[in-house]
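Please consult the sequence and the structure alongside the text.

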Number of protein chains: 2
Amino acid sequence: MIRMSKQTDYGIVLLTHLASTPDASYSARELAAVMHLPLPMVSKILKLLTREGLLFSYRGPSGGYRLARQPNQITVAEMINALEGPFAFMECIETPGTCRQESFCPVRGNWYTINSTVVRALRGITLSDMTGTIPGMPGAGASPQHPGGGQLPVIA
Amino acid sequence: MIRMSKQTDYGIVLLTHLASTPDASYSARELAAVMHLPLPMVSKILKLLTREGLLFSYRGPSGGYRLARQPNQITVAEMINALEGPFAFMECIETPGTCRQESFCPVRGNWYTINSTVVRALRGITLSDMTGTIPGMPGAGASPQHPGGGQLPVIA
DNA sequence: CGAATATGGTACCAAACTGGTACTATTTAT
DNA sequence: ATAAATAGTACCAGTTTGGTACCATATTCG
């Protein structure tokens, strides 16, 4: 749990594919075929990313989708925000006022701090980083680009 | 979205309350009353935390729950792990082998890196930090302990 | 002993969310 | 005109989640 939706997962993979040739455009059909994903899902996600301003779309035959900005100008935080909504571990951070205990909650300030830290990290990673191996993440250690189903341990 | 369950939310608040007097024990009934939470939920959560080894429990009249370790020896990562399961943004990180695209997925290694970074941060915060204001989070800025329903902006 | 009070475990339920599909309208290249 | 593409919305089944109920077990105290 604490998992992002498949929609977000798919969306980021799609964006990463588009980022490999940032000036080309692809139709939903092409992308679905290449990524081995169901076309209706791909279509839905591409529509969303277009509404959110991360993609440009072109209609008609030979239409398709293209990145709205260069890959190094699109952060992981923006992608998550477009696909999943505001990043917030706790509801009281995303929409203050929903919890009656807010005024005397002893941990809300700390959740805010934790949340900010994570978001700051996600804003430091761009789509062009995702096409390669992320550099400069503190203490990242070896992070092979193609783990190939290897057993990467979960660290929680 | 990307939100932790209320169970986790409640659980951490309960643990924080217990941490304020680490050697005392409280019954589920007392905790539910103080925190203004439904007793059955509180009870369910305390049982879980006991099974996961974060609490000690005592039965019978004058029974109750007590922290199994000192507050500075319990990290936020452990609490999340106990309440919510392993922390993983993507399913393919938590349980490798579930995604057929794993062997050629271009972003999995990077998700692993991102995940490790977040988990590392969560392991750096203990329950004793949660009872006060978290120190030393890089770039955290001001994080008032009692925001009191103030409008903290969401940063995604 | 036995009654009262606490936790342990499990099963259950309704409501919300998610992954995925279907259908119709609109745009545009040929 | 026709075909191929996106735009928008509505829908549906399966899962998850928040929350409750019930019964068993342990322990204190009279």
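DNA strand D is surrounded by 26 residues, the closest being A:Ser57, B:Ser5, B:Lys6, B:Pro38 and B:Gly60; a residue is near a strand if its C-beta atom, placed from the backbone, lies within 6 Å of it. The model is predicted, and local features need pLDDT of at least 70 while side-chain atom pairs count only at pLDDT 80 or more, whereas totals for chains, interfaces and linings use all residues. Residues are numbered from 1 along each chain as its sequence is written, and chains are lettered from A and ligands numbered from 1 in the order in which they are written.

At least two residues each of the surface near DNA strand D come from helix H2 (28–35), helix H3 (39–51) and strand E2 (64–67) of chain A, and from helix H1 (6–20) and helix H3 (39–51) of chain B. Helices (H or I, at least four residues) and strands (E, at least two) are DSSP runs, numbered from the N terminus. Around DNA strand C there are 26 residues, of which A:Ser5, A:Lys6, A:Pro38, A:Gly60 and B:Ser57 come nearest. For this strand, helix H1 (6–20) and H3 of chain A, with helix H2 (28–35), H3 and strand E2 (64–67) of chain B, each supply at least two residues. Ala, Val, Leu, Ile, Met, Phe, Trp, Tyr, Cys and Pro count as nonpolar, Asp, Glu, Lys and Arg as charged, and the others, Gly among them, as polar.

Chain A comprises seven helices and two strands, in the order α-α-α-β-β-α-α-α-α from the N terminus. Of its 156 residues, 40% count as buried, that is, with 20 or more other C-beta atoms, placed from the backbone, within 10 Å of their own; residues with 12 or fewer are exposed and those in between partly exposed.

In chain B, the buried residues of H2(B) are B:Ala28, B:Leu31 and B:Ala32. They lie on the same side of H2(B) because they cover an arc of only 100 degrees around the axis, the arc being that of the directions from the helix axis to the C-beta atoms. H1 and H3 of chain B are among what covers these residues. The face of H2(B) turned away from the buried side carries the exposed residues B:Arg29 and B:Val34. After H2(B) comes B:His36, with a positive phi near 55 degrees.

The axes of helix H4 (residues 76–84) and helix H6 (residues 108–123) of chain B come within 6 Å and cross at roughly 110 degrees. Axes are lines fitted to C-alpha atoms, for helices over the stretch in contact, and angles run from 0 to 180 degrees between N-to-C directions. H4(B) is therefore roughly perpendicular to H6(B), a class that spans 65 to 115 degrees, with angles under 35 degrees roughly parallel, over 145 roughly antiparallel and the rest oblique. B:Val76, B:Ala77 and B:Ile80 of H4(B) meet B:Val119, B:Leu122 and B:Arg123 of H6(B); contact requires C-beta atoms, placed from the backbone, within 7 Å. This contact has five nonpolar, no polar and one charged residues.

B:Ala82 also belongs to helix H4 of chain B and is buried, with 22 other C-beta atoms within 10 Å. Leaving aside residues up to four places away in sequence, B:Ala82 touches B:Leu48, B:Leu49, B:Glu52 and B:Leu54.

Conventions:
Contact = placed C-beta atoms within 7 Å.
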